[in-house]
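Please read the following report with the sequence and the model side by side, and look up each residue as it is named.

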Amino acid sequence: MELQNISEDDIEGIADSSSILARGKRYYKTNRVKSLQYKDGEIMAKVIGSDTYTIEIRIDEEEIEAEC
């Protein structure tokens with residue numbers, strides 16, 4: 001699996017809860033996702049929520065991993 005091929009279903013599969021998934025979609029739709037970058041096999045973005053934080057998404061042994 002390649003990072004550029006991640007689907008919405010894949011993202012739903014790694015979301016810890018439906019409320020986190022809904023918040024992520026809302027942040028995306030309201031332009032709170034900033035400085036989206038693809039570098040060295042990772043996707044990194046700054047997200048403006050109650051604080052500003054960094055999201056990292058990568059593929060490890062065909063499994064999607066995400067940290068924020």
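Strand 2 (residues 42-48) and strand 3 (residues 52-60) run antiparallel and are joined by 7 bridges; helices (H or I, at least four residues) and strands (E, at least two) are DSSP runs, numbered from the N terminus, and two strands pair if DSSP finds at least two bridges between them. The model is a predicted one, in which local features need pLDDT of at least 70 and side-chain atom pairs count only at pLDDT 80 or more, while totals for chains, interfaces and linings use all residues. Residues are numbered from 1 along each chain as its sequence is written, and side-chain values use heavy atoms, with hydrogens and water left out.

Between strand 2 and strand 3 the chain passes through a hairpin of 3 residues, and across this pair Val47 stands opposite Tyr53 in strand 3. Strand 3 is also joined to strand 4 (residues 63-67) by 5 bridges, and these two strands run antiparallel. Their hairpin has 2 residues between the strands, and in it Glu61 takes a positive phi near 50°.

| Residue | Stands opposite, in strand 4 |
|---|---|
| Glu56 | Glu67 |
| Ile59 | Ile64 |

Taken as a whole, the 4 strands form an open sheet with the order 1-2-3-4 and antiparallel pairing. Strand 1 and strand 4 are its edge strands, since each pairs on one side only. On average, neighbouring strands of this sheet are turned by 15° against each other, direction ignored, where the axes are lines fitted to C-alpha atoms, for helices over the stretch in contact, and angles run from 0 to 180 degrees between N-to-C directions.

Which residues lie nearest the centre of the largest pocket? They are Ile11, Gly24, Lys25, Ile55 and Ile57, out of the 29 residues that line this pocket. Two or more lining residues come from each of helix 1 (8-14), helix 2 (18-29), strand 1 (33-39), strand 2, strand 3 and strand 4, and helix 2 gives the most, with 8 residues. A pocket here is an open set of points on a 1 Å grid over the protein atoms alone, where a 1.4 Å probe fits, with protein on both sides within 12 Å along at least five of seven lines, and lining residues have an atom within 4 Å of a point.
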